Amino acid sequence: MHPAAEDPQTRSALTGYQAGALRWLAGGVIAVVLGVLLGAALVAIAGSSGRTVPGVGLVVVVLVVAGTVAAVAGAGALLRYQRWQRALRTRPWQTGVLRIAGPAVLSFEPEGYDELDPLDAPVRLRLVSTSVWRTRAVQQLNGAVVRAAPVGPREWVLTAEGLSTVYGARVPARR
């Protein structure tokens, strides 16, 4: 079997994921820069005229805090992208059926899975994303044939035919 990263659709999906990560990172950096520039302008206005502009200080704080959060999220997504890309260069896709048990609770039944065999168990996963639209997109795959690959000891990536991105999931911790 060929490594998953050799598949043109996989390369396209990974590129889409990387583009989203770069948008979050760039948007966060821009928001922080705008917040700092606006804060500097407020200080200059207050210093030269002695007047303050009501409410703009709150806007500065929101820009800097939200921008920092977005930049950190984008950087984290870029690191995930690199980790996933590296792993998919060596692992092939496994096809199977995806079952949805809750908002972010998944079960991947690899091809050849026998639900009547007590020794055969599906791969239990929990969706990594907390984004509502990504969670809903995965929920629409309930019962669909998907492609999945392990990209770490407890981390999987999945996609399906026609999707323009990949979704990350983790094996939940055993209790």
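Visitor: What is the relative accessible area of R99?

Guide: R99 has a relative accessible area of 37% and is therefore partly exposed, a class that lies between buried, which means under 20% relative accessible area, and exposed, which means over 50%, with a 1.4 Å probe and only protein chains counted. Before going further, please keep in mind that this is a predicted model, in which local features need pLDDT of at least 70 and side-chain atom pairs count only at pLDDT 80 or more, while totals for chains, interfaces and linings use all residues. Residues are numbered from 1 along each chain as its sequence is written, and side-chain values use heavy atoms, with hydrogens and water left out. The pLDDT is the predictor's confidence in each residue, from 0 to 100; its mean over the protein is 90, and 99% of the residues reach 70 or more.

Now to the partner of R99. Side chains of opposite charge can pair when their charged atoms come close. The side chain of R99 meets that of E109 in a salt bridge, at 3.4 Å from N to O, where a salt bridge is a side-chain nitrogen of Lys or Arg within 4 Å of a carboxyl oxygen of Asp or Glu. Because R99 lies in strand β1 (residues 94-100) and E109 in strand β2 (residues 105-110), the pair ties together parts that are 10 residues apart in sequence. Strands (E, at least two residues) and helices (H or I, at least four) are DSSP runs, numbered from the N terminus. E109 counts as buried, because its relative accessibility is 14%.

R83 counts as partly exposed at 31% relative accessibility, whereas E155, at 5%, counts as buried. D7 and R147 also meet through their side chains in a salt bridge, at 2.8 Å from N to O, and they link distant parts of the chain, with D7 in the segment before α1 and R147 in strand β4 (residues 145-150), 140 residues apart. Here D7 is partly exposed at 22% relative accessibility, and R147 is buried at 13%.
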